[in-house]
Amino acid sequence: MNTNYSENNYLVLVGKITSEKVFSHEIYGESFYIFNLEVPRLSGTADCIPITISERLIQNFDLSIGKEVEIEGQFRSYNTYENQRSRLVLTVFAKDIKEYVEPEEPEREKVSNEVVLVGYICKKPIYRKTPFGREISDILLAVNRAYNKSDYIPCIAWGRNARFCENMEIGTGVKIVGRVQSRMYEKKHEDGTVEQRVAYEVSVGSLELVNKNDDENQEENKAAM
């Protein structure tokens, strides 16, 4: 994965466009749009991931439904308010988009969904076991962004990684490599109604601790350059 825009939050997705683009918002005269990308899993199922993209990247690009594309970008979050309550919304912010072309080397593994995050634990991980005995830890990772902003990314670790996360303290620096996934869940409202929603998170493939002091020194060196 070749990136030069961020070292602590970058991803690549390969998938099929499944919706028309819809206007999202405008910043300093630049319009942004959202569309859905279906990204296949090895199991044969697929994740449906929302993509936010600038008009600059799609002026001469065909975003037809069914088109297979490769996207490089970042996994970002922002807060929205519903019924006087804050809600965390996640999206892939595209930095580049191109038509996907199968690699020429047949032995080369197709990378269709990979995200790398370097950040800090900002909430005590929640460790639990499923009814079938599978170990899971829920993690909320704070990833720094430019202009003193941060993205708050929900992650889920399994098995040995879940046990390792169980005792992590708030403020621990970690590097996570995984995949963006979507899942359906039910939101129960106070009036008794039930709403079907989609949650997005990073399924952790590997996890390692990072030295906070080293990370800060690297940021200071970059700022001095």
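Residues are numbered from 1 along each chain as its sequence is written, and side-chain values use heavy atoms, without hydrogens or water. Because the model is predicted, local features need pLDDT of at least 70 and side-chain atom pairs count only at pLDDT 80 or more, whereas totals for chains, interfaces and linings use all residues.

The second largest pocket has a volume of about 660 Å³. A pocket is an open set of points on a 1 Å grid over the protein atoms alone, where a 1.4 Å probe fits, with protein on both sides within 12 Å along at least five of seven lines. Grid points are joined across faces, edges and corners, and the volume is the space filled by probe spheres set on the points. Lining residues have an atom within 4 Å of a point. The second largest pocket has 22 of them. Leu 88, Pro 154, Arg 183, Ala 199 and Tyr 200 lie nearest its centre.

Six strands each supply at least two lining residues: E6 (85-99), E7 (113-129), E8 (135-145), E9 (149-158), E10 (173-188) and E11 (194-209). Strands are DSSP runs (E, at least two residues), numbered from the N terminus. By class, the lining holds 15 nonpolar, seven charged and no polar residues. Nonpolar covers Ala, Val, Leu, Ile, Met, Phe, Trp, Tyr, Cys and Pro; charged covers Asp, Glu, Lys and Arg; the others, Gly among them, are polar.

Side chains of opposite charge can pair when their charged atoms come close. A salt bridge is counted where a side-chain nitrogen of Lys or Arg is within 4 Å of a carboxyl oxygen of Asp or Glu. The count comes to nine. One of them joins Glu 201 and Arg 183 (3.0 Å, N to O). Glu 201 is buried (under 20% relative accessible area), at 6%.

Asp 47 forms a salt bridge with Arg 179, the closest N and O atoms being 3.0 Å apart. Asp 47 lies in strand E4 (residues 46-54) and Arg 179 in strand E10, 132 residues apart. Asp 47 is buried, at 1%. Shared partners join Arg 41, Asp 47 and Arg 179 into one network.

Arg 145 and Asp 151 also meet in a salt bridge (2.5 Å, N to O). Arg 145 is partly exposed, at 25%, whereas Asp 151 is buried, at 1%.

Note on methods: Helix = DSSP H or I, 4+ residues; strand = E, 2+ residues; numbered from the N terminus. Buried < 20%, exposed > 50% of the residue type's maximum accessible area, 1.4 Å probe, protein only.
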